Amino acid sequence: MERFTFLDILRILSGILLINAVLSYWITSSTTWGYDGKYINPRYYWFQLGGQVNLTLAELSHYDGTDNRPIYVAINGSVYDVTSARHIYGPKGPYRFFSGKDAARAFVTGCFNKPDEFTYDLRGLDPEEARADVRKWQEFFGGNAKYWYVGVVQHEEITGDVPGECEHMKFPF
Ligand code: HEM
């Protein structure tokens with residue numbers, strides 16, 4: 001009896017994948033049954049090979065979508081890759097002000113019209129509320145189908161005044 005060679009198995013697998021893609025495209029107009037999350041993103045696997053990052057704030061600031069680097073958003077020390085939502089976090093996106101920084105405070109207050117709000121300085125906020133909001137947003141980014149956790153950003157010591165009250169909520173759209 002003839003035995004399957006490795007090449008035969010590759011051919012069969014490729015055929016199944018091709019039929020799957022054609023069928024999916026025919027039914028859903030997408031070759032992946034409408035899925036566009038991180039598990040079909042080669043960058044996600046490439047990142048897994050490289051291991052997690054440990055950035056300074058200055059290094060993080062380069063990941064704001066203004067060049068070919070990935071776009072990172074950080075919340076209270078945890079950094080997430082949000083490159084797949086360039087339309088939201090890229091230079092023309094409505095939430096571009098979160099990119100390349102750790103703006104945990106603005107995630108809690110929703111105050112987007114004060115530059116000093118884009119900081120990880122949570123002093124002066126209700127600690128319970130701040131903790132809950134930070135956790136909520138970390139869970140949002142960490143558990144999102146398109147985004148993934150990439151590592152940490154080192155915080156510098158917080159000095160100076162506590163950011164003032166936010167007077168007006170101003171949304172960018
Ligand atoms: C604490 C206040 C708020 C925070 C921290 C916040 C933050 C965010 C973030 C991070 C996203 C992007 C989510 C993603 O990656 O898919 C988002 C999306 C969005 N937010 Fe907010 N948001 C706040 C309040 C609001 C309010 C009050 C409005 C309405 C005026 C609003 C309207 C939107 C819209 C329309 C989107 C979708 C943008 C898009 O997909 O292009 N947000 N918000």
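Student: Which residue forms a salt bridge with Lys114, and how far apart are the closest N and O atoms?

Tutor: A salt bridge is a side-chain nitrogen of Lys or Arg within 4 Å of a carboxyl oxygen of Asp or Glu. Lys114 pairs with Asp116, and their closest N and O atoms are 3.2 Å apart. Salt bridges with shared partners join Arg105, Lys114, Asp116 and Glu117 into one network. This is a predicted model, in which local features need pLDDT of at least 70, side-chain atom pairs count only at pLDDT 80 or more, and totals for chains, interfaces and linings use all residues. Residues are numbered from 1 along each chain as its sequence is written, and side-chain values use heavy atoms, leaving out hydrogens and water.

Student: Is Lys114 buried or exposed?

Tutor: Buried means under 20% relative accessible area, exposed over 50%, and partly exposed in between (1.4 Å probe, protein chains only). Lys114 counts as buried because its relative accessibility is 16%. Asp116, with a relative accessible area of 41%, is partly exposed.

Student: How many salt bridges does the whole structure hold?

Tutor: A search finds nine. One of them joins the side chains of Lys146 and Asp36, at 3.6 Å from N to O. Lys146 lies in the loop between α6 and β4 and Asp36 in the loop between α1 and α2 (42–50), so this pair ties together parts 110 residues apart in sequence. Such helices (H or I, at least four residues) and strands (E, at least two) are DSSP runs, numbered from the N terminus.

Student: Which cysteines form a disulfide?

Tutor: A disulfide is a pair of cysteine sulfur atoms within 2.5 Å. The structure holds one. Its partners are Cys111 and Cys166, with sulfur atoms 2.1 Å apart. Cys111 sits in the loop between α5 and α6, and Cys166 in the segment after β4 (148–153), 55 residues apart. Cys111 counts as buried because its relative accessibility is 0%, whereas Cys166, at 26%, counts as partly exposed.

Student: Which residues touch the most other members of the largest nonpolar core?

Tutor: In soluble globular proteins, nonpolar side chains tend to be buried together. A nonpolar core is a set of buried Ala, Val, Leu, Ile, Met, Phe, Trp, Tyr and Cys residues joined through side-chain atoms within 4.5 Å. The largest here has 21 residues, of which Val73, Ile75, Val82, Tyr89, Phe98, Phe118 and Phe141 touch the most other members. Helix α5 gives the most to this core, with four residues.

Student: Which protein donor does the iron atom of the ligand have?

Tutor: Donors are N, O and S atoms within 2.8 Å of the metal (3.2 Å for Na, K and Ca); water is not among the atoms, so sites may look incomplete. The only protein donor of the iron is Tyr95 (OH), at 2.0 Å. Tyr95 is in the loop between α4 (86–89) and α5.
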